[in-house]
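Colleague: Please show me how to read a few local features in a model. I would like the general idea, then the case.

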Amino acid sequence: MLRHGLLWLSERQGIANFLRTNPLAWKFASRFVAGEEVDDAVSAALALRGADITATVDLLGESVADTADAGGARDQYLTLLDQLAAKGLEVNVSVKPTQMGLDIDASLCAANIGTIIDKAAEFSGFVRIDMESSEYTQRTLDLYRELGGSQRSHAGVVIQSALRRSAGDVEDLLAAGTRVRLCKGAYLEPPDVAFPAKADVDANFVALMERLLLEGNYPAIATHDERIITHAQRFADQHQIAPERFEFQMLYGVRRDVQQQLRTSGARVRVYIPFGRYWYPYLMRRLAERPSNVAFMVANLFRESVKRS
Ligand code: FDA
């Protein structure tokens, strides 16, 4: 119930406008967001490198309705790629299609993402096309398929185990040799499209993960779910799948203990580092995943306001 409420709130622009300028809200968001500037994201990636963990960097922003804003976001990515390379960091970013203009025009979005991929390719880098809500699933997969062959080899997609269609999508992507990140799915979806029960989402995750581990092209297992992570490691051992053939991915600020334990065990770990001004919907999705975070945030906001009064 609370999850649904928070996900509904994540789509309310009026609340976003109010919270974006609220220092207390930012204080909480900064647990999950590296900062507002490119430099902040690069510093976070450097710190992770110190812990032998790689990164994929995401400029926050979605549902862009203006061509100039989509171009501005594309240009910020180009700057980011330069700065990652200048620091000798792996050039690896995650991009949301609606930030690149998918709601305006699919060919504009393809051109913007293509420009980012071409530049990433100059640095032997990689661009992950994030997956948004189910109304974009087909268009996002089409966008990937329509990239040029050399662009596709520097790009990958995301599959959400919450969606009923995902088993079929995974088979198509395996056949095409596409690099896939598997996650559970962060959006509020109708029951005809997505499994309403979390147990079914988790079971589907395990089934799709096994398919990707066995036959996938360097799959990314994106979860903080320790039960699933343990299952992945056992399954890989049983099938002689070397730790270099896949990676675990986690979100910045979430389960740092597990990130480090995995790294110590010899697994590959990549952390998704979001940065930028448009952090509100991202924050609400993180709160929805773990409602105890809401209590933590409310308690902190309350403590701060008592101190100030
Ligand atoms: P689940 O929600 O079941 O949580 C398992 C455990 O993880 C919890 O019990 C808790 O311990 C911990 N945990 C999870 N979230 C937490 C939080 N916010 N704070 C504190 N602890 C938390 N989604 C999407 O729709 N499209 C996408 O492109 C992506 N991309 C993506 C990249 C990466 C690298 C990750 C890790 C995740 C995504 N996601 C995503 C988000 C994903 O769909 C999902 O919403 C979250 O990862 C939470 O699900 P878990 O698999 O962690 O399991």
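Colleague: Which residues is V93 in contact with, leaving aside its neighbours within four places in sequence?

Modeller: Contact means heavy atoms within 4.5 Å. By that rule V93 is in contact with T56, V57, Y77, L80, L81, L84, I116, F126, V127 and R128. This is a predicted model: local features need pLDDT of at least 70, side-chain atom pairs count only at pLDDT 80 or more, and totals for chains, interfaces and linings use all residues. Residues are numbered from 1 along each chain as its sequence is written, and side-chain values use heavy atoms, with hydrogens and water left out.

Colleague: Which members of the largest nonpolar core touch the most others?

Modeller: A nonpolar core is a set of buried Ala, Val, Leu, Ile, Met, Phe, Trp, Tyr and Cys residues joined through side-chain atoms within 4.5 Å. Buried means under 20% relative accessible area, exposed over 50%, partly exposed in between (1.4 Å probe, protein chains only). Here the largest core has 70 residues, and L80, V93, I116 and I273 touch the most other members. Another core lies apart from it, with 16 residues, including F28, A29, V254 and L283.

Colleague: Is S161 buried or exposed?

Modeller: S161 is buried, because its relative accessible area is 0%. Its side chain reaches the backbone oxygen of V201 at 3.0 Å.

Definitions and conventions:
Polar contact = N/O pair within 3.5 Å; in protein donor to acceptor, adjacent residues only side chain to side chain.
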